[in-house]
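I open this notebook to record what I looked up in one structure.

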Amino acid sequence: MFKKIFLLFCTAILLIPAIAHAEHVYNEENGYHYFFDPSSGFYIRLDNPRQINISTNIIDELTFTVLWYDKENSKPNFGYNGIAYGVFDISTKAKHLKITKEKYHHVYTIHNLDTQLTQTKQGFKIPIEIKNYDPSDKSYSNFKGESGKIDIELNYYHVDHANARFYTDFKAGTDMKMFGDKLILRFPKNSYISDSSLSKPVLIDQRLVINVREKPQPTDDYIFLSQQFTIDDAGRSLFAKPSTWGDITLAYDGVVPKAMEGYNLAILKNNYGKWVPIGGIVDTEKKTVTAVFDDFGTYAIGLVYKDYGLKEHWAKKEVLGLAYKGVLQPEINQKDLALLSKLDKPIDRFTFTVLLSRALGFQPLNYTGVFSDVSDGAYSQNELGYLMAGVMNGLVYGKQSNIPGYMVMEPTKPLTREEAVAFLARGMTLSSDSGAKSTSSKFVKKKKGTTTQQDPKTELKKIYKDANQISDWALKAVLEATNEKLISPNRGLLNPKAKLTNAEALVMIYNLMEIKNLK
């Protein structure tokens, strides 16, 4: 009988939770996590965050309450909020800004605690050291002279969950991959985070912070396929921006019909509460879209269905396609919006150059007044920036001005069809040529291992009834554009001297982007 009682007593002892020896206990009654020092009576209640699973690698404020119990004569008390007596010091080896304490309680807050984690890690420990000021005082009011060492243990998940936040160093010349490649940023070598408000434009804190929010709700105009990512400099400086344009790659969820991949699918940027398509190149295998990254802000991927009030028109598909890819931005650009209402009007040289520069992905440059007939006051800085980019990339040359050292562009002059084709031919060889088809003529004769190019005018006469009206300087460009299907005969005619309409111009630009895989 005594043996049975003894066995039952031993079994009961084994079933009692050894709280005093546990390093971490979750109390279901009050919903707090507690962490213990196995060598002393000190233990910690984690107050903020309440959960041990986190998705931010820098914690703004980690708050905890230091508690104590007499291990020899009592058990931890999960029902009280602090110890109002005793004096000790708190420190941690974790990287942080400072530690503050409440005035009347042993409640401490570690500010800007940097986990320095870049990948998911379970069991990340934050060491807390409790140093007793008078170890010789063994009274209860001095916690029997005990000191303690306690690890607050958290699990960090580097995932794009809503409310996740990630800090990372700005790295030029390499891919900055985040959230399992759901977000990738890349910038050219020697890029940095700049601040235009400073005398020294290089920001001291060269870190980025990415805040993740839930996927936006669908609307009549957009169906979103990713979370939204707000990208900023770590200090959230008002005037901070990348010194040089880069690329942003976002991954999308779900299955997108093939017909929509290169048309409706785009990266969108939130512009003061309005989502604006900025386009991007689609990689169907990786299920990603890559677009130009010109400034900090909030980005997401979506399918665009907006019609911008555009009435039925033979060029509607291409016009909307350019809006979905960010070449036209009617939501935020009044000139682009006005363009949609005058598709059959002639396009001028300036507008065509700006649109083509956008389509080719050029980065706007500071306008230096290279054209004597293009003044700063007549156009926006954005437009002038794209014009200057076109000049520097060899897209537009202009004509000699009466003023030495300057050129004239004739910006308001309507563009002829053959002039537009010359622009397009230059565009075929500019920008990134990845995926671009060969621009060599298909009208080639091969004899005994040699290749000879036939006369462009001769070949064009086989295609266009009005080939004799094409200017000599435009012959080669027209032939190349025809071979690449940028243009095609309309009832056998090219009408090279006719004024190019806005609709015709936009269709040409759309075709160029398609050929160069820029969409």
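**Basis.** I note that this is a predicted model, in which local features need pLDDT of at least 70, side-chain atom pairs count only at pLDDT 80 or more, and totals for chains, interfaces and linings use all residues. Residues are numbered from 1 along each chain as its sequence is written, and side-chain values use heavy atoms, with hydrogens and water left out.

**Whole chain.** I found 10 helices and 28 strands in the protein chain; these are DSSP runs numbered from the N terminus (helices H or I, at least four residues; strands E, at least two). The radius of gyration, taken over C-alpha atoms, is 33 Å, well over the 24 Å that the globule rule gives for 519 residues, so the chain is more spread out than a compact globule. That rule is 2.2 Å times the number of residues to the power 0.38. I recorded that 48% of the 519 residues count as buried, meaning under 20% relative accessible area with a 1.4 Å probe, protein chains only.

**Helices H5 and H7.** I looked up H5 (residues 349–359) and H7 (residues 417–429), which pack at an angle of about 25 degrees. The two helices are therefore roughly parallel to each other (angles under 35 degrees count as such). Their contact (heavy atoms within 4.5 Å) is made by Arg 349, Phe 352, Thr 353 and Leu 356 of H5 and Glu 419, Ala 420, Phe 423 and Leu 424 of H7.

Notes
Axes are lines fitted to C-alpha atoms, for helices over the stretch in contact, and angles run from 0 to 180 degrees between N-to-C directions. Angles under 35 degrees count as roughly parallel, over 145 as roughly antiparallel, 65 to 115 as roughly perpendicular and the rest as oblique. Buried means under 20% relative accessible area, exposed over 50%, partly exposed in between (1.4 Å probe, protein chains only).
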